[in-house]
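Subject: Structure for you to look at

Hello,

I am passing on the structure we spoke about.

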Amino acid sequence: MLAAEEPHNPVVPQLAEVILGLVAFLLLFFVIKKFVSPRFEALYAERTAKIEGGIEKAEQAQAEAQRTLEQYKEQLAEARAEAARIRDDARAEGLQIIEELREQAQAESARIVAQGQHQLDAQRAQIVAELRADLGRTAVELASKVVGESLEDEARRRGTVDRFLNELDAVAAPASK
């Protein structure tokens, strides 16, 4: 019988091994399909949800950042416009202040000139009055000596001096015109 049996080929498995391997494979397949595969699917779905949620959150954050950037740009443009307006207002106000100060300086200058002119007029009047008095005294003394008559009387002396000065003014007025 041993001769009737053919020698066993090590490359070809025996039928009992194939059946046992098939039963073990089916049992392992059932366990993986029933218990392991649902867990992997749940983990895969959870991971996919997290990734998609993360992508969605990133897109939302990107959109929010873009909106914030646009708001920042608008605020920056408004701030620049406001700064330009404030600068222009400051320039205009500065020009107005300079003009006001110039007007005040001119008014002060005119006031000083007028005051100086007034002082000059007052001094001139005082000098003219002093000169008239001196001239009157000198004229009275000379007239007294020439006429030989005393002009001591105050009223007479004043009348003579005034008449003499009026005649002198009348003669000097046409010459100066």
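The notes below go from the whole chain to single pairs of side chains.

Please keep in mind that this is a predicted model.

Overall picture

The protein has 177 residues, of which 3% count as buried. Its secondary structure consists of 2 helices and 0 strands. One of the helices is H1, which covers residues 15-147.

The annotated segment

UniProt, in an unreviewed entry, lists residues 12-32 as "transmembrane region". In the model, this stretch is 86% helix and 0% strand.

Aromatic and nonpolar side chains

How many aromatic pairs does the count give? The count comes to 1 aromatic pair. That pair is Phe25 with Phe29, and it is stacked, with 6.2 Å from centre to centre and 25° between the planes. Planes under 30 degrees apart count as stacked, so an angle of 25° qualifies. Both residues sit in helix H1, and because they are 4 residues apart, about one helical turn separates Phe25 from Phe29. Phe25 counts as exposed, at 51% relative accessibility, while Phe29 is partly exposed, with a relative accessible area of 47%.

There is also a nonpolar patch on the surface, with about 890 Å² of accessible area together. It is formed by Leu27, Leu28, Phe30, Val31, Ile32, Phe35, Val36, Phe40 and Leu43. One of these residues, Val36, is found in helix H1. The relative accessible area of Val36 is 33%, which makes this residue partly exposed. Patches take residues with over 30% relative accessible area, so Val36 at 33% passes that cut-off.

Salt bridges

Side chains of opposite charge can pair when their charged atoms come close. Across the whole structure, a search finds 7 salt bridges. Three of them are described here, in the order of the chain.

- Glu46 and Lys50: their side chains meet in a salt bridge, at 3.6 Å from N to O. The cut-off for a salt bridge is 4 Å, so 3.6 Å falls within it. The two residues are 4 apart in helix H1, and therefore about one helical turn separates Lys50 from Glu46. Lys50 is exposed, with a relative accessible area of 56%, whereas Glu46 is partly exposed at 41%.

- Glu64 and Arg67: in this salt bridge the closest N and O atoms are 2.4 Å apart. Here the spacing in helix H1 is 3 residues, so Glu64 and Arg67 are again separated by about one helical turn. Glu64 has a relative accessible area of 39% and is partly exposed. Arg67, at 46% relative accessibility, counts as partly exposed.

- Glu82 and Arg85: the closest N and O atoms of this salt bridge are 2.3 Å apart. These residues are 3 apart in helix H1, which means that about one helical turn lies between Glu82 and Arg85. Glu82 counts as partly exposed at 35% relative accessibility, and Arg85 is partly exposed with a relative accessible area of 41%.

Which residues are linked with Glu82 in a network of salt bridges? Arg85 and Asp89 are, and the three together make up that network.

If you want a place to start in the viewer, go to Phe25 and Phe29 for the stacked pair, and then move on to Glu82, Arg85 and Asp89 for the salt-bridge network.

Regards

Conventions
Residues are numbered from 1 along each chain as its sequence is written. This is a predicted model: local features need pLDDT of at least 70, side-chain atom pairs count only at pLDDT 80 or more; totals for chains, interfaces and linings use all residues. Side-chain values use heavy atoms; hydrogens and water are left out. Buried means under 20% relative accessible area, exposed over 50%, partly exposed in between (1.4 Å probe, protein chains only). UniProt positions are given in the numbering used here, feature names are shortened, and annotations may be inferred rather than shown by experiment. Rings of Phe, Tyr and Trp (its six-membered ring) pair if their centres lie within 6.5 Å; planes under 30 degrees apart count as stacked, over 60 as edge-to-face and the rest as tilted. Patches are made of residues with over 30% relative accessible area and no salt bridge: like charges are joined within 9 Å, nonpolar side chains (Val, Leu, Ile, Met, Phe, Trp, Tyr) within 5 Å. Accessible areas come from the Shrake-Rupley method with a 1.4 Å probe; for residues, only the protein chains shown count as cover.
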